[in-house]
Amino acid sequence: MVITMDDSATKKEIMRVTELIKKMGGDVHNLPKGSTGTMEVTGDHAGLDREQIAKMPGVKNIDNVKKPYKLGSREMKARNTVVKVGKVAIGGKKLTIIAGSCAVETVEGTNEGGRLLKMLGADLVRGGAFKPRTSPYSFQGLGKRGLEILADARELIGIPVVSEAVDTESFDLVEEYVDLIQIGARNMQNYSLLKRAGRAKKPILLKRGISATINEFLLAAEYIMSGGNYNVILCERGIRTFNDYTRFTLDISSIPELKQQSHLPVLVDPSHASGRRDMIIPLSKAAIAAGADGIMVEVHPFPDKALSDGYQSITFEHFAQLMKELSTIAKAVGRSI
Ligand code: PEP
Ligand code: MN
């Protein structure tokens with residue numbers, strides 16, 4: 001339920017309506033600027049007396065949001081949300097490029113790589129410190145040391161950094177060190193982690209689960225938003241299908257669908273979607289042409305020596321070529337890079 005207050009409504013009137021709803025058993029979220037209403041009521045609606053709320057001084061209108069996801073829905077906020085990560089605006093006219101190795105490996109690699117990527121046009125540097133690996137015997141990441149290396153690189157290079165929080169235990173640490181916190185595909189439905197992300201003071205990059213529907217994806221985002229963190233960026237990273245020539249299948253049609261259903265920014269990860277470095281350029285171009293707000297791509301100086309996901313990582317030369325080809329597509333769809 002969305003409540004719109006009169007433009008002339010006082011803070012006191014808004015507070016009185018909030019208190020009444022809470023007394024009736026509802027949860028109240030004050031909506032950000034540009035939303036269709038003033039506040040969104042979630043929680044148990046059984047005890048809500050709509051007529052009594054409508055009679056309160058200052059209340060202009062009460063509406064229902066038909067979608068199961070409320071705060072993230074386009075219905076509730078028509079205008080695109082732009083999420084700020086440091087000085088980088090994600091979801092605006094300018095595309096966002098996130099690049100870096102799958103995992104943080106060395107100080108030199110992170111600093112040199114980060115510098116080069118920034119020079120070539122990357123807006124953020126990525127690197128996993130805690131790695132969610134399919135096999136328990138695979139490299140699990142450098143942990144806290146990886147976060148320190150990443151944060152040092154940020155200071156040195158002057159570029160925001162993103163890394164994944166894999167569980168609630170390590171969330172505080174990741175939040176302390178990085179500018180953007182990633183929640184990975186395997187954790188898209190880890191509800192305690194999503195709730196923790198809802199209390200975070202930093203923006204969240206939420207990746208789509210490998211078998212998640214769009215509804216489930218947007219409801220996962222809703223967990224974060226309903227906790228009070230409206231700075232959520234969606235990332236399509238491929239889903240599991242029967243095809244056997246790529247690691248996953250990049251669901252290009254999810255981009256226009258997410259854009260239609262939600263006001264949140266949408267990024268695409270062609271690296272995990274395909275698992276093939278030869279497909280990074282064509283898939284990135286397709287993603288931008290379909291309306292994505294940017295891409296996240298794995299880059300490594302020596303892909304064949306990478307400690308994780310080397311087969312899908314591209315070199316710096318390859319990244320430079322990607323940027324060049326993306327700028328043509330960006331221009332064609334009225335975006336810049
Ligand atoms: C990653 O970005 O390194 C990662 C593990 O991605 P995903 O969660 O999409 O598999
Ligand atoms: Mn990876």
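**Note on the strands and helices of this predicted model**

1. Strand E9 (residues 161-164) and strand E10 (residues 180-183) pair in the parallel sense over three bridges, where strands are DSSP runs (E, at least two residues) numbered from the N terminus and two of them pair if DSSP finds at least two bridges between them. Within this pairing, Val-162 stands opposite Leu-180 in E10.

2. The model is predicted, so that local features need pLDDT of at least 70, side-chain atom pairs count only at pLDDT 80 or more, and totals for chains, interfaces and linings use all residues. Residues are numbered from 1 along each chain as its sequence is written, and side-chain values use heavy atoms, with hydrogens and water left out.

3. Eight strands close into a barrel with parallel pairing, in the order E7-E8-E9-E10-E11-E12-E13-E14. Neighbouring strands there are turned by 25° against each other on average, direction ignored.

4. Helix H4 (residues 144-157) lies across strand E8 (124-126) and E9, and runs at about 165° to E9; helices are DSSP runs of H or I with at least four residues, and angles run from 0 to 180 degrees between N-to-C directions, with axes fitted to C-alpha atoms, for helices over the stretch in contact. Helix H8 (residues 254-261) packs on the sheet, touching strand E12 (232-236) and strand E13 (266-268), and its direction makes about 165° with that of E13, contact meaning heavy atoms within 4.5 Å.

5. An open sheet of four strands has antiparallel pairing and the order E2-E3-E1-E4, and its edge strands, E2 (26-30) and E4 (59-63), each pair on one side only. E2 and strand E3 (residues 39-43) pair in the antiparallel sense over five bridges, with Gly-26 opposite Gly-43 in E3.

How values were computed:
Chains are lettered from A and ligands numbered from 1 in the order in which they are written.
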